[in-house]
Amino acid sequence: MGSVHSPGTYLQSLVHRLMHRLGAQFTVGCTGVILADIKKPRSRPLDPQVFFLSSRWLCIRRASRPDILRSIPGPETPRSSMHDYTFIYFGVRGRVEAARILLADQGQDWKEDVVTFDLWTQGDLKKKCVFGQLPGFKDGDFELYQSNAILRYLARNHDLYGKDNHEASYIDMVADGVEDLRMKYAKMIYQNYEDGKAPYIENLPKDLRPFECLLSKNHDGKGFIVGSKISYTDYALLDILLTHLVLAPDCLKDFPLLHAYVERLSARPNLKAFLESDARKARPINGNGKQ
């Protein structure tokens, strides 16, 4: 689930108007559940209604008067207006790209506070970072560090963490596997590119096979890596696979499910637009120019 927000002024007003037109009395619980009991005498009895309220939607279960709900206009506030996302990072894809992909696919806006190498070497910003490293992230006044913590925060905000605790745990498991692969890649890119690239690519199938296997066990590999809906780990996996397709364009030739997975996710309309955008193309993958 996303972040839990108390009902806004607009929705409170909407509910009051709706209850008035139904002739209902109601109570609001701390969980955001509104129990409405129809009291006003009518020619045709109405069953008790159960309303579910959140900061973004309102629906009626077993509604006897759906026409009333349709007659009340919805909020005009853009869905991204609840958040003010900013990434604080270098002008590369790097460790922020998975979060960018997530937000792009979810139709969210964000800002980039680009840190230059000269600014970073001055040391003042580094001292402000909790662990002395970037990326940093802000959602209004809320500030966060560590790329995977940022991803999980966004996952909770946008309902990208599975349907239950079991799925969430599998999602985290796959994300840890992606992180292991990313660390191997980064070590080769930044520490041993010239001599290490060839053996890295040679050993890559061993690192990709577990993801192919996981896909095969979930809806025959025709959907997402975990469960029946997209999760934050899909964005992390897509990012690392796209990065490796630049390093070794044929790396997925023996992994048909992963190959189809990349094509399927990359074709999602919002993602396709982002992946083909000039802003993304202008960012190098890594800070040292190697890829």
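Where is Asp220 found?

Mentor: Asp220 is found in the loop between helix H8 and helix H9. Before going further, note that this is a predicted model, in which local features need pLDDT of at least 70 and side-chain atom pairs count only at pLDDT 80 or more, while totals for chains, interfaces and linings use all residues. Residues are numbered from 1 along each chain as its sequence is written, and side-chain values use heavy atoms, with hydrogens and water left out. Helix and strand names come from DSSP runs numbered from the N terminus (helices are H or I runs of at least four residues, strands are E runs of at least two). The chain has 12 helices and 8 strands.

Asp220 has a positive phi of about 60 degrees, although it is not a glycine. Most residues other than glycine have a negative phi, and most peptide bonds are trans. Asp220 has a relative accessible area of 54% and therefore counts as exposed. The scale behind that word is simple: buried is under 20% relative accessible area, exposed is over 50%, and partly exposed is in between, with a 1.4 Å probe and protein chains only.

The loop between H8 (193-216) and H9 also holds Ser231. Ser231 is buried, because its relative accessible area is 0%. Leaving out residues up to four places away in sequence, Ser231 touches Leu160 and Ile171, where contact means heavy atoms within 4.5 Å. The C-alpha atoms of Ser231 and Asp159 are 7.9 Å apart, although 72 residues separate them along the chain. On the scale of the chain, 61% of the contacts with a separation of 6 or more are between residues 24 or more positions apart.

Phi of Asp159 is near 55 degrees, a positive value in a residue other than glycine. Asp159 counts as partly exposed because its relative accessibility is 28%. Its place is just after H6, and that helix is the next stop.

The buried residues of H6 are Ser147, Ile150, Leu151, Tyr153, Leu154, Ala155 and Asn157. An α-helix has 3.6 residues a turn, so residues three or four places apart point the same way. The cover over the buried residues of H6 includes strands E5 (85-89), E7 (136-139) and E8 (142-145), together with helices H3 (97-105) and H9 (232-247). Ala149 also lies in H6, but Ala149 counts as partly exposed because its relative accessibility is 22%. From C-alpha to C-alpha, Ala149 is 9.9 Å from Phe137, and the two are 12 residues apart in sequence.

On a 1 Å grid over the protein atoms alone, a cavity is a set of points where a 1.4 Å probe fits but cannot get out, and a pocket is an open set with protein on both sides within 12 Å along at least five of seven lines; lining residues have an atom within 4 Å of a point. Grid points are joined across faces, edges and corners, and a volume is the space filled by probe spheres set on the points. The whole structure has 3 cavities of 30 Å³ or more, and the largest cavity has a volume of about 80 Å³. H6 (147-157) and H7 (165-191) each give at least two residues to the lining of this cavity, and H7 gives the most, with 4 residues. The lining includes Ser147, Asn148 and Leu151, along with Arg95 and Ala236. By type, this lining has 5 nonpolar, 2 polar and 3 charged residues. Here Ala, Val, Leu, Ile, Met, Phe, Trp, Tyr, Cys and Pro count as nonpolar, Asp, Glu, Lys and Arg as charged, and the others, Gly among them, as polar.

The largest pocket holds about 820 Å³ of space. It is lined by 34 residues, and the closest to its centre are Tyr89, Phe90, Arg95, Leu134 and Tyr190. H4 (117-122), H6, H7 and H9 each supply at least two residues of the pocket lining, with H7 giving the most at 8 residues. Its residues divide into 14 nonpolar, 10 polar and 10 charged.

The peptide bond from Leu134 to Pro135 is cis, with omega near 15 degrees. Pro135 sits in the loop between H5 (124-128) and E7.
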